[in-house]
Amino acid sequence: MSFREAFFNKFFTLRNLFFLFNFLVLFMFLYAVLKDVQREWKDYQKEYKRLEISKIKEKMNRGESKDILKDLLRSVRRRPLEIKQILATDLKRVDRCLTCHVGYDGLTNASLINGFTEHPFAAPKNKIHDKHPFDKYGCAICHEGQGLATTFVGAGHMPKDEAQKSEWKKKYKWHVVEFWEQPMKAGPLIYASCNKCHESHPDVEGMEIVKKGQQIFRESGCIGCHQVRGEGGTIAPDLAEETSVKPLTRIDFGHAVTSGLITKEERTLENWIRLHFTTAPTALTPGDPEGHLSPDSKNPQPVAPTGMPYFGFTPEESESLVAYVTSLKKEMIPYTYRIPAAKTPEPQFASSTAHGRYVFQKYGCGGCHGKNADSGIPVFNKQGGRAPDLVKTVGTFTRAELVKKIQEGVNPEEKEDIKGPTPPIYMPSFKDRIKGSEMENLVTYLQSIAVKDEVW
Ligand code: HEC
Ligand code: HEC
Ligand code: HEC
Ligand code: HEC
Ligand code: HEC
């Protein structure tokens, strides 16, 4: 018998194949069981059980009411390990965070206070948790993250600082979940979520950070360029309708990554927004001023760098702005869950000049001309290189000329370098947006601040 025949007659028989595949299936089955037994969350539930049992036994040893404790012990021991989820139907959310955060489960831990300080069981009395029943709200409506996930990394936990980050990397092999748009909000940034329902409630505890950001936003004149829900300047994106819900695929992180401002794993919307305050935005969006990237090299089309100025905010101011901008995100939330803010009364002013200054701030003139109209921002390739310091120039215009400038705006025609790109910033036309007493008093304010004793 040749080797070939022997092989096929003796070993490679249907019968042997049948055995072989049986073993394979058995092996796969065992592997699946093993995988299932080892699920990350099971360890947390087992550990929680162990802690509960040892506490109950402790009490029994102290001679506290034995019968009740015995029943309790039995029920704790019998409790199966299982995936727990909250179906917050009104809010259309399914959150499985309780699968690990067992201490936050009202059934397991009726008082929602336990003494288990080991993460993730530490369930302290938290005023905010108290006010929003978990079975109606779930978790991710406030914390964000991936409600359905049952792994630490998958849930989208975000560290609040570098120390926690390196600790998590070691402990949980932590990284950002790629392409998950809503990682959890770390630290005080969670208060940006409250705005979904507590609409711009400055009096809600914890929301101070959002309020502070809103104040900086107003004082810095961001609205001169940006819109918020359709109101404001049209030179830059609508921070509510566009930026706060921007999909990651529409963000160009290229320059931020190549210039080392962030690492690839840090590409989140929150970081993108933050970078606009902590670094010069031109480093993020440098454009192509020389037109090198133009498809037609004979007729290059230069692109100006972004017109967003660098404000030089402190880290604290930047965080407040991040909280404010991210708080602008709107979700479909049933009206019964929403608490509108009380209407703030129109402010009263002592003089027409004071009202004019308010109008100057309201429309964001300061975003380009400086908070006090005395420091125009740099404008790429504009003649003179910057927006005018109004205090120096308004004295040379009549009232009617000022009204005309504000109503009609100025087209960015005068380039410093004729071949260079069109300046990204220009004097917008305010048309009828500013009229009546607002226009009157704005012009009065501008004339009042004109530097008079300038030597020409
Ligand atoms: C696989 C288990 C697991 C799941 C699922 C899970 N968590 Fe956690 N969570 C943990 C652990 C473990 C910690 C403690 C981390 C540490 O070591 O500091 C934690 C910590 C936290 C913290 C505190 C972070 C801090 O700064 O200390 C918050 C908030 C949190 N989780 C919220 C959530 C939310 C919301 C969900 C659901 C979207 C969720 N978790 C799902 C295991 C889990
Ligand atoms: C109404 C909003 C809201 C909901 C809903 C909510 N949380 Fe929180 N949670 C907060 C706030 C606010 C804090 C406190 C953050 C801070 O100031 O540090 C917090 C803190 C925490 C912490 C950190 C506690 C610590 O010791 O640092 C954990 C863990 C946590 N929540 C888990 C959950 C889980 C799990 C759920 C769902 C069962 C949930 N939260 C639902 C708002 C909420
Ligand atoms: C999904 C909507 C929703 C979100 C998100 C939400 N809340 Fe609430 N919150 C409510 C509603 C509705 C009430 C009123 C509950 C009631 O009166 O029974 C409330 C009540 C409260 C109260 C009690 C007010 C009072 O007068 O007793 C506080 C404080 C509070 N929320 C803070 C927060 C904070 C802080 C956040 C963000 C971390 C937050 N909420 C997120 C809907 C929400
Ligand atoms: C002089 C006009 C101007 C002012 C003032 C201005 N920005 Fe911008 N900003 C821009 C432009 C233009 C962009 C778009 C960048 C690009 O892609 O070219 C931008 C981009 C942004 C982005 C990223 C938007 C996105 O969708 O990618 C954020 C966030 C932002 N600005 C916030 C602010 C805040 C907050 C202020 C006030 C402190 C402010 N900006 C003031 C012009 C301005
Ligand atoms: C997006 C940036 C931007 C905003 C917002 C803006 N300006 Fe201007 N403004 C400019 C630029 C740039 C010029 C210079 C135009 C030119 O001559 O090329 C200018 C010119 C002017 C001038 C003419 C002064 C001069 O020296 O030529 C006046 C007056 C003026 N702005 C007032 C205002 C007022 C009032 C507001 C708010 C209602 C405002 N601007 C908002 C950018 C801006």
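Me: How many residues surround ligand 4?
Reply: Keep in mind that this is a predicted model. Around ligand 4, the closest residues are C222, C225, H226, K246 and M308. Counting the whole surrounding set gives 25 residues.

Me: Which element gives the largest share of the shell around ligand 4?
Reply: Two elements give two or more residues to that shell, namely helix 11 (269-278) and helix 15 (366-369). The largest share is four residues, and it comes from helix 11.

Me: How far is the side chain of K246 from an oxygen atom of ligand 4?
Reply: Ligand 4 has oxygen atoms with polar side-chain atoms around: one from T243 lies 2.8 Å from a ligand oxygen, and one from W272 also lies 2.8 Å from a ligand oxygen. For K246, an N or O atom of the side chain and an oxygen atom of ligand 4 are apart by 2.7 Å.

Me: How many residues apart are R93 and E331?
Reply: Their side chains meet in a salt bridge, 2.9 Å from N to O. R93 sits in strand 2 (residues 93-95), while E331 is in the loop between helix 13 (315-327) and helix 14 (352-362). That puts distant parts of the chain together, with a separation of 238 residues.

Me: Is K127 buried or exposed?
Reply: K127 meets E205 in a salt bridge, 2.5 Å from N to O. K127 lies in helix 5 (residues 127-131), so the pair ties together parts that are 78 residues apart in sequence. The relative accessibility of K127 is 52%, and the cut-off is over 50%, so K127 counts as exposed.

Definitions and conventions:
Residues are numbered from 1 along each chain as its sequence is written. Chains are lettered from A and ligands numbered from 1 in the order in which they are written. This is a predicted model: local features need pLDDT of at least 70, side-chain atom pairs count only at pLDDT 80 or more; totals for chains, interfaces and linings use all residues. Side-chain values use heavy atoms; hydrogens and water are left out. A residue is near a molecule or strand if one of its heavy atoms lies within 4 Å of it. A polar contact is a pair of N or O atoms within 3.5 Å; within protein, one must be able to donate a hydrogen and the other to accept it, and residues adjacent in sequence count only if both atoms are side-chain atoms. A salt bridge is a side-chain nitrogen of Lys or Arg within 4 Å of a carboxyl oxygen of Asp or Glu. Buried means under 20% relative accessible area, exposed over 50%, partly exposed in between (1.4 Å probe, protein chains only).
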